[in-house]
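Subject: Structure for you to look at, with notes

Dear colleague,

Please find below the structure that I promised to hand over, with my notes on what was found in it. I would be glad if you read the notes with the model open beside them.

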Amino acid sequence: MKEIVMAVDIGSVNITCLIAEVVDGIPKIIGSGFSKSQGIRKGFISYIEQAAHSLKSAVEDAKQMAGVDVNKAIVSVSGVYAKSRNSSGVVTVTSGEIGINEIRRTIQAALHNATIPAEYEVIHVLPYQFIVDDQDCDDPNGMSGERLKTNVHIVTLQKTALENLKKVVKYAGIEIENIVLSSYASSIAVLSEDEKELGVVCIDIGGSTCDVMMYIGRSMCYDEVLKVGSSNITSDIAVVFNTPLNVAEDLKVRYGKLINLKDHDDNTTLQIPVVGGQEKPQVITFGDLSEVIYYRLAETFDFLHRMVENNELRPQIGAGIVFTGGLMKLHGIEEFVEAFFRECLTRIALPREIEGMPEELRDPSYATAIGLVLYGSGGFTNYEFIPERKQLKVKKSKLFQGGEELLETQETPKSDFSGVFEDDLKKETEEKENAFVRAMKKFGNLF
């Protein structure tokens with residue numbers, strides 16, 4: 001069976017559109033389009049018309065390259081809009097054998113038991129742990145038992161933000177097939193099944209955000225966003241050296257690297273323009289540039305380190321931490337990551353290879369876009385409930401031949417959505433005061 005999948009990643013820096021031909025769950029990229037993000041600031045849509053224009057440009061380029069007319073897309077959404085929490089549901093298995101119906105019922109019960117704020121809408125319900133008669137299992141389908149408990153991770157989006165996203169996509173002439181949290185898509189592109197099973201942290205550092213997610217039991221069970229990204233480095237360079245933002249970005253990309261601060265003797269000079277167009281350029285050294293980059297990263301990674309180490313799920317993380325995103329291209333970042341997270345294994349990941357993948361997509365910046373294609377090809381977690389459609393997505397298995405199945409479900413029982421999260425997992429990162437002083441104390445002897 002052949003189908004066409006269009007994936008659209010709406011990032012703070014770039015918008016990427018990929019079109020893939022999928023045969024029996026195996027994707028082949030046949031079209032790609034890219035445009036500079038306009039009307040999007042720090043993950044938020046700030047100007048609908050500009051954002052729609054950028055999106056339309058990327059989509060038209062991809063469609064022209066692919067030679068197909070497709071108007072439905074799987075679209076990413078930034079974690080800055082999201083609030084997430086975990087919940088659980090329990091059902092009695094009257095027949096003595098667990099099937100899809102019992103799995104669906106426990107997921108719906110877990111959603112019913114969760115308190116969702118009225119201003120939020122659920123987009124993902126991801127089961128990450130199944131317990132049959134007090135025994136953990138990977139997949140309860142077909143097992144004998146009397147009682148099934150399911151722990152789920154629920155991702156919700158602000159309704160107003162969701163409506164704005166839908167407007168942008170509609171004005172670009174596209175219909176939304178699925179909305180996928182960008183961090184969830186990135187994890188699909190870079191994590192192995194072994195890592196998911198052992199428990200893993202995935203951190204995607206993009207232009208304006210650091211998306212942190214944790215996997216337990218082959219499914220995402222935690223996500224958090226730190227509203228800092230590579231664009232903050234650009235801003236720091238612009239401010240420190242009083243140079244235009246476009247020059248600062250070029251300096252970061254072309255000359256940015258992490259150096260040993262105990263031996264920062266790289267006095268190679270560089271002339272750069274100053275803000276205001278003064279005729280006389282200023283002179284900086286590569287060492288000065290590297291220090292600016294280092295201090296911003298030291299603060300950012302100190303936050304990330306504490307987010308991981310202080311998390312209650314940390315003892316269950318056996319496969320370490322996987323990093324992806326555009327910042328991972330910075331020279332020297334691998335050694336920097338290892339120094340900050342020396343207590344556990346770390347690796348920097350490129351997105352998984354897909355047939356027909358252009359060379360420019362073999363880059364950590366495109367993990368989300370590739371993940372969206374894989375999601376559309378059936379690469380999601382074993383089960384996923386879509387509340388908007390009242391459907392349960394079931395990953396292809398021996399019991400379900402022919403790819404994913406979308407199973408119609410009964411209407412989710414209504415609950416009181418007027419409350420607030422009891423254990424809000426999306427709290428703002430704690431106060432920045434003295435953050436990078438702590439980082440220097442802890443890690444300064446390594447550099």
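Strand β2 (residues 14-23) and strand β3 (residues 26-36) run antiparallel and are joined by 10 bridges, where helices (H or I, at least four residues) and strands (E, at least two) are DSSP runs numbered from the N terminus. Within this pair, Thr16 stands opposite Phe34 in β3, and in the hairpin that the two strands make, with 2 residues between them, Asp24 takes a positive phi near 55°.

Before going further, please note that this is a predicted model, in which local features need pLDDT of at least 70 and side-chain atom pairs count only at pLDDT 80 or more, while totals for chains, interfaces and linings use all residues. Residues are numbered from 1 along each chain as its sequence is written, and side-chain values use heavy atoms, with hydrogens and water left out.

Strand β1 (residues 2-10) is antiparallel to β2 and joined to it by 9 bridges, and the bridge partner of Val5 is Ala20 in β2.

Strand β11 (residues 175-181) contains Asn178, which is buried, with a relative accessible area of 9%; buried means under 20% relative accessible area, exposed over 50% and partly exposed in between, with a 1.4 Å probe and protein chains only. Leaving aside residues up to four places away in sequence, Asn178 touches Ala73, Ile74, Val75, Tyr375, Ile386 and Arg389.

Helix α1 (residues 48-66) also meets helix α3 (residues 159-171), their axes coming within 8 Å and crossing at roughly 50°. The two helices are therefore oblique to each other, given that angles under 35 degrees count as roughly parallel, over 145 as roughly antiparallel, 65 to 115 as roughly perpendicular and the rest as oblique. In this contact, Ile48, Ala51, Ala52 and Leu55 in α1 meet Asn164, Lys167, Val168, Val169 and Tyr171 in α3. These residues divide into 7 nonpolar, 1 polar and 1 charged, where Ala, Val, Leu, Ile, Met, Phe, Trp, Tyr, Cys and Pro count as nonpolar, Asp, Glu, Lys and Arg as charged, and the others, Gly among them, as polar.

A further open sheet has 5 strands in the order β14-β13-β12-β17-β18, again with mixed pairing. Its edges are β14 (219-226) and β18 (346-348), each with a single partner strand, so one side of each is left without a neighbour in the sheet. Neighbouring strands are turned by 20° against each other on average, direction ignored. Strand β17 (residues 321-324) runs parallel to β18 and is joined to it by 3 bridges, with Ile321 opposite Thr346 in β18. Helix α4 (residues 182-190) packs on this sheet, touching β12 (200-205), β13 (210-216), β14, β17 and β18, and its direction makes about 60° with that of β13.

The axes of α4 and α10 come within 7 Å and cross at roughly 80°, which makes α4 roughly perpendicular to α10. By class, their contact has 10 nonpolar, 4 polar and no charged residues.

Gly379, in the loop between α10 and β19 (383-386), counts as partly exposed at 21% relative accessibility. Beyond residues up to four places away in sequence, Gly379 touches Ile188 and Leu374.

For the chain as a whole, the secondary structure comes to 11 helices and 21 strands, and buried residues make up 56% of the 447 residues.

Methods:
Axes are lines fitted to C-alpha atoms, for helices over the stretch in contact, and angles run from 0 to 180 degrees between N-to-C directions. Contact means heavy atoms within 4.5 Å. Two strands pair if DSSP finds at least two bridges between them.
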